[in-house]
Amino acid sequence: QVQIVESGGGLVQPGGSLRLSCTTSRINFNIYTMGWYRQAPGEQHEMVAQITPRSVRNYADSAKGRFTISRDNAKSTSYLEMSNLKPEDTAVYYCRADGPDWHPEHYWGRGTQVTVSL
């Protein structure tokens, strides 16, 4: 059974930093594009950052310059380093694994809460 598990969320003050991890199992991690998405209460689901199998990165405008996505293929894990956090970054953050065109499977994690507040 495929598992996508996020960790590292929590409460942080404005201007602070967090590192989210997305650990996967039972997928061929190396061929999947990994993505981080978020959803705040009353808001739509939003793509935050993506990283392809060749480590090409794509960021939402709100994440550029503050967030960094990375992957460790040996550990089948993706990371989202977040700095200079703002209250508007408060959301549940979800990890998603997207297979290539010839293997179009995708999987979601259950999410981790990030709260930015004094």
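Leu-80 sits in strand β8, which covers residues 77-82; strands here are DSSP runs of E of at least two residues, helices are runs of H or I of at least four, and both are numbered from the N terminus. This is a predicted model, where local features need pLDDT of at least 70, side-chain atom pairs count only at pLDDT 80 or more, and totals for chains, interfaces and linings use all residues. Residues are numbered from 1 along each chain as its sequence is written, and side-chain values use heavy atoms, with hydrogens and water left out.

Back to Leu-80: its relative accessibility is 0%, so Leu-80 counts as buried. The cut-offs are under 20% relative accessible area for buried, over 50% for exposed, and partly exposed in between, using a 1.4 Å probe and protein chains only. What does Leu-80 touch, once residues up to four places away in sequence are set aside? Its partners are Leu-18, Arg-19, Leu-20, Trp-36, Val-48, Ala-49, Phe-67, Thr-68, Ile-69 and Tyr-93, with contact meaning heavy atoms within 4.5 Å.

Now the covalent link. The chain has 1 disulfide, counted when two cysteine sulfur atoms are within 2.5 Å. Cys-22 and Cys-95 form it, with 2.0 Å between their sulfur atoms, and the angle of -80 degrees about the S-S bond makes the link left-handed.

Two loop residues have backbone angles worth a look. Most residues other than glycine have a negative phi. Arg-26, in the loop between β3 and β4 (33-39), has a positive phi of about 65 degrees. Ser-55, in the loop between β5 (46-51) and β6 (57-59), has a positive phi near 70 degrees.

| Residue | Relative accessible area | Class |
|---|---|---|
| Arg-26 | 62% | exposed |
| Ser-55 | 32% | partly exposed |
| Gly-15 | 47% | partly exposed |

Zooming out, the protein chain has 0 helices and 11 strands. Its C-alpha trace spans about 45 × 25 × 25 Å along the principal axes. Why does the radius of gyration fit a compact globule? For 118 residues such a globule would have a value near 13 Å, and the chain's 14 Å agrees; the radius is taken over C-alpha atoms, and the globule rule is 2.2 Å times the number of residues to the power 0.38.

Of the 118 residues, 41% count as buried. Among contacts between residues at least 6 apart in sequence, 52% join residues at least 24 apart. The accessible surface comes to about 6600 Å², with 45% of it belonging to carbon and sulfur atoms; areas come from the Shrake-Rupley method with a 1.4 Å probe.
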